[in-house]
Amino acid sequence: MIFTAARSYPWVLATLAGLATVGLLEWAGAQPVAQLIASVFALAVAAWTAVGMVRDLLRGHWGVDVLAVTAIVATVVVGEYLAALVVCLMLTGGEALEDYAAGRARKDLSTLLDRAPQQAHRLNPDGTSQDIALGEVRPGDRLLIRPAEVVPVDGTLAAGPGGAEISADFDESSLTGESLPVTRISGEEVLSGALNGQQAVELVANSTAEDSQYARILALVQEAAASQAPMVRLADRYAVPFTAIAYLIGAVAWWSSGDPVRFAEVLVVATPCPLLIAAPVAFMGGMSRAAKNGVIVKSGGIIEALGSVRTAAFDKTGTLTYGRPELLQVRPEPGIGGEEMLRLAASAEQYSVHVLAESIRTAAVDRGLDLISAADAREEATNGVTATLAGRRVIVGKHGYVRAHTTGLTQTDLRPGQSAVYVGVDGRFAGTLILSDQLRGNAAATLAELDRLGVKHRMMLTGDAEATAGHIAAQAGITEVDAELLPEDKVRLIREARPGPVMMVGDGVNDVPVLAVADVGVAMGARGSTAASESADVVILTDDISRAAVAVSVGQRTLQVARQSIWTGIVLSLVLMITAAFGVIPAIVGALFQEVVDVVAIVNSLRAMRPGRREIQDFQALADPAIGPAGTPCPR
């Protein structure tokens, strides 16, 4: 452990060794030698720090290390060499202290990475098991999951001997934030990353390791954990005025007393660790707390934007609604049967990624219809798909899109909440498919919580029909609705939205551009598009819209704690500076006091890992009753 510390923090150990050596020399009466050694070492630390400071200045970042460098030089010049060494310890030890505090704050992010499985137990036809590398798992492989093991890939819980139904408990807290075990029965999907309970079970792999949910989560967590300098922008706002005030107080103390020691004493207590350390620790704590609640924030800088969000925009299908529309009615035109029209439409929709396409395909398969492979197919995002099926040209999509390619199309009558998909065959209008999607059970509560958090401007941006969008928006409590939009329209409206920062919540491929341009892009990652998750700043791991409000709440709490940590350090430093200006605090005592200030500010910053008094104490209170607290469908 000592050797590890020596490699990681050589300047800290060198400073401690210097203090010990100087102390022994002082005790032995060799004060001149002690002063020489301390002064040379302190000036070396100042020079090392100054080099890094100059590099930061060249990159355009004004830091507050200049105060520490000036304090070291000033204390050496006036003969306060012991105080110079204590300032060196504070400066060099700040990194170690930050790493320790950040390690605590990063705990929940690290837990996800540490528990990642490296191998799987594949069952052979003869019933024996074989340990294989995780990358060798293929869909269809039968895997053994032993008690207390992490599920390595997404899969389906296999039935027991003779096809008997079995049930098993899994801990999905690392994926969803739900603390209670979730019971799965044979035939249900089990996500990778879940922790198996007390019985061995068998799982049929549905995907490879790299395509599984846990692999996507780990990639996001690694990106979040690698985020550097999360509070640079906020800390920089205070650096210049704090530095100027410290120099001013020191100069006035020197001028009024005529004693240069006063200048050194003031700068010793003005050292800037609260600005450099406490705030980044708070932000890492906020990211960790968000991860514990099923929300991955990709970088510390996004926390600041989340905490300041004033406008929230939502996609409709799959975001505010469940994204699982049901086919209610088939309305064929004369000359084509209903089942034939549905079969052709579902066959074309095989080549679409839209959520309505999945519902149409499912409805056709459930009715026993055989789908046709296309000779060619092309999808126009958010509008529809065109395909050649057994020599017939089929077009499926929105009213305007189908009308532009067919003749005889008429607008169908819809009830509130219904959507229509229009179908054309060989250039003629063939009929409509009527579907309906329901508002999420906790969408209205989520919007109300955002209002309570100060996000007063809320919008719906959707490519769906205006009547359907208006009906869903009224149920959710949204008054500003923009419907029948193309992806570029959404981008324009987000750029024009005021007041900022603006948060956009979406889930599909068509949301990728708008998630990228929003101040904070939030992707529904449980069932949404991988591209959406990659372009977003925040990824919700569960199929639960309330996590968007959770993200804002955690962001506000974290930003509040970070600012408190900065101001706590600044105020305490100002009190010490003014006191030192009157010669009350010797330099060595002031340096020790400043260490106390650093610890107070850092301990305060760790409060970002706990909820505040104005927050909902249990975020599960916002969970959707139809989905369940873990973001998974409740059994019927």
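V491 is located in helix 19, which spans residues 487–496; helices (H or I, at least four residues) are DSSP runs numbered from the N terminus. The model is predicted, so that local features need pLDDT of at least 70 and side-chain atom pairs count only at pLDDT 80 or more, whereas totals for chains, interfaces and linings use all residues. Residues are numbered from 1 along each chain as its sequence is written, and side-chain values use heavy atoms, with hydrogens and water left out.

With a relative accessible area of 10%, V491 is buried (under 20%; exposed is over 50% and partly exposed in between, with a 1.4 Å probe and protein chains only). Residues up to four places away in sequence not being counted, V491 touches P513, V514 and V517, contact meaning heavy atoms within 4.5 Å. The C-alpha atoms of V491 and L461 are separated by 9.8 Å, at 30 residues apart along the chain.

R361, in helix 15 (residues 355–366), is partly exposed at 22% relative accessibility. Neighbours within four places in sequence aside, R361 is in contact with A346, E349, Q350 and S352. The C-alpha atoms of R361 and E349, 12 residues apart along the chain, are separated by 6.7 Å.

Helix 22 (residues 546–581) and helix 23 (residues 587–605) pack at an angle of about 165°, their axes being 8 Å apart; axes are lines fitted to C-alpha atoms over the stretch in contact, and angles run from 0 to 180 degrees between N-to-C directions. The two helices are therefore roughly antiparallel to each other (angles over 145 degrees).

Definitions and conventions
Angles under 35 degrees count as roughly parallel, over 145 as roughly antiparallel, 65 to 115 as roughly perpendicular and the rest as oblique.
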